[in-house]
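Here is a short report for a first look. Start with the sequence and structure shown below.

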2 protein chains.
Amino acid sequence: MISPSPPAFTPVVAGLPASVPFVGPETLERRRGAPFAARIGANESASGPSPKAFEAMQAALQDDQARLYGDPESHALRAALAERHGVAMDEIVVDAGIDSLLGVTTRLFLGPGDVAVTSLGAYPTFSYHVAGAGVRQVSVPYRDDREDTAALGTAAGEHRAQLVYLSNPDNPMGTCCSREAVSALIEALPSGCLLLLDEAYVDYLDKRDALAINPPIDTSNPCVLRYRTFSKAWGMAGMRIGYAIGHREVIAGFERVRNHFGVNRLAQIAALASLQDDEHLMRVRGEVACGRERLQALARRHDLEPLPSATNFVSVDTGSAARADALMQGLHRAGIFVRKPGVAPLDRCVRLGIGTPEEFERLEAVFARVLHDVDEA
Amino acid sequence: MISPSPPAFTPVVAGLPASVPFVGPETLERRRGAPFAARIGANESASGPSPKAFEAMQAALQDDQARLYGDPESHALRAALAERHGVAMDEIVVDAGIDSLLGVTTRLFLGPGDVAVTSLGAYPTFSYHVAGAGVRQVSVPYRDDREDTAALGTAAGEHRAQLVYLSNPDNPMGTCCSREAVSALIEALPSGCLLLLDEAYVDYLDKRDALAINPPIDTSNPCVLRYRTFSKAWGMAGMRIGYAIGHREVIAGFERVRNHFGVNRLAQIAALASLQDDEHLMRVRGEVACGRERLQALARRHDLEPLPSATNFVSVDTGSAARADALMQGLHRAGIFVRKPGVAPLDRCVRLGIGTPEEFERLEAVFARVLHDVDEA
């Protein structure tokens, strides 16, 4: 108990669990008392930042830039992004990663009595922010291990939702919806409903494949907001930088509540340098395609079905939640950090990330034994 | 106008101005079409990070750490901070700077009908977050260029405030309240009211001087929350990392709404390394003391009264708001970035930061001419 007259949390906060969307690998390492030999559970890039980004960060450090606040407008970066995406600068907002952008988005649009729609088992940080806003969430089951765009649209209409969240490609399954399905969802949105289209993993796709899953960026539509990040294919999860693209009046809303000085200066510099290095992105795509094949072959060798993946991880179907859970725990004990979906029917899968070649070797070295122990137990 | 059926902002957001707490120096540089020769307006550290922090960031980059998310618990850093401050780890929360922590704090404690109390002209980012929460703010005038702790306490009681904000040492004036005054404010707080004691600048003071202005940290009192940062004396404003110290039940609230993966990994590593380098902090204090004397002497040579300062800037009294404004504009035109308080009676001052020796030379080189032009105009 707190001593006399403690400050009272808001009713919304008082009703929240002390939840963490994800337990970090460092926490698991502290619990097991040893570092992991392979860290392939957080969908981090095994390829790392572009050499140009790396050099830019080195140079910025040498030039004593860490002591200076970042540009609150991220002007140079937004200019480069606008050119890249064929939109105007005021149709882009840069922030400290998609998590932060999702938090601001919920503050912009969700109030008492509102409803947000997502998929049951989808990216939990969106749900975390929805709960933090004190708003009801409606969750739609996946269908064939894909987010069910038709059901998302129906739920949005039935519940008169303010926000609908869709990640495409999807986390945690790695699957994709088709462009036609996403377009149909956009058409089906009820009046005033905003689709949050999380494209964190889209940079793993080339232009043609990206267009096969999501419609082209159209900032004239105020009801679609796209999220991108430098944490995945650009390899800078630790730097915290991402952006949203949308209608300028929606983007303008972010200026009213975001942390204007919240973006790391080195991250801004590195992101800008990255955009000059599409060669790196191409190589990453190649490495990730190769890494997926490696993981899929490993799964099949052990009679486990790998799901198709458009991301830097492969979800592997173990047949049951209990088996998947035991496999994850066994891998943890063997020094391999992985994660798995938390709800049925996704929870029969374990999510294996594309690590470095060394990390894959370590996974491969223990996989047969761990799986054998799981099935013998 | 937005095309058919745009998403609607919440009523609170719809009523907010598209405000920025501060215009960044980069924005002013773009407006004037040239970079500043001296950047002494954002209270950044001219001394930069500790060499140990610098080396730690270099090593982390080389070790390909930028690709990895930071530890969501900032465990190692919190352990070091807990030891430093003689508190428990669960009495500390680390986040991406005080701005971000203030934003989370307002979300934790402010709801419809609540009131926040601050000083008229005090750090605007607190007010920005209060406005973002849709909450009424009561602002108490400064008294003798210091925050008026007695009046803050009275206002908190009269308006039954949930939060009271006090920075000590103060920004933008650089002045301090006495420990007795702060203690009396804490005693005077109405039931359930939380004092946010922003100590961003306290690291510029040695232990004795710090104790002369603020009471010792007492985490048994749930009604005081202290804020610290690595942006000022530790010289890493661009890295975005700070922390709050308070009662464990108040700190636990942050876990419910903060961005758990929001802290830059390099910032965590650099902050931890900094704490091993008190020698750097001592040197920074010496450089800042010297820099203040330099600025105060410059002001006095031009018959301007410098305010006493416990920070890395000196507010200089020009006698009138119009003169202060003209001086700031003139300095901008001469390539010197400075800022000034926005409201009376503080706005008769211009705030000069302690830059590098080169930056001070550039300020000194133009100061007489700019002031002359102001007074001749």
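## Model and domains

Domain bounds come from an automatic or database domain assignment. Chain A is split into domain 1 (22-48 + 279-376) and domain 2 (51-274). This is a predicted model: local features need pLDDT of at least 70, side-chain atom pairs count only at pLDDT 80 or more, and totals for chains, interfaces and linings use all residues. Residues are numbered from 1 along each chain as its sequence is written, while chains are lettered from A and ligands numbered from 1 in the order in which they are written.

## Where the domains touch

Taken over C-alpha atoms, the centres of domain 1 and domain 2 of chain A are 25 Å apart. In contact (C-beta atoms, placed from the backbone, within 7 Å) are 24 residues of domain 1 of chain A and 21 residues of domain 2 of chain A.

On the domain 1 side, α12 (278-301) and β10 (313-317) of chain A each supply at least two residues. Helices (H or I, at least four residues) and strands (E, at least two) are DSSP runs, numbered from the N terminus. α12(A) gives the most to this side, with 5 residues.

## The sheet

An open sheet of 7 strands in chain A runs β2-β8-β7-β6-β5-β3-β4, with mixed pairing. Two strands pair if DSSP finds at least two bridges between them. The edge strands, β2 (92-95) and β4 (136-140) of chain A, each pair on one side only.

Inside the order, β3 (residues 115-119) and β5 (residues 163-167) of chain A pair in the parallel sense over 2 bridges. A:Val117 stands opposite A:Val164 in β5(A).

How values were computed: Two residues are in contact if their C-beta atoms, placed from the backbone, lie within 7 Å.
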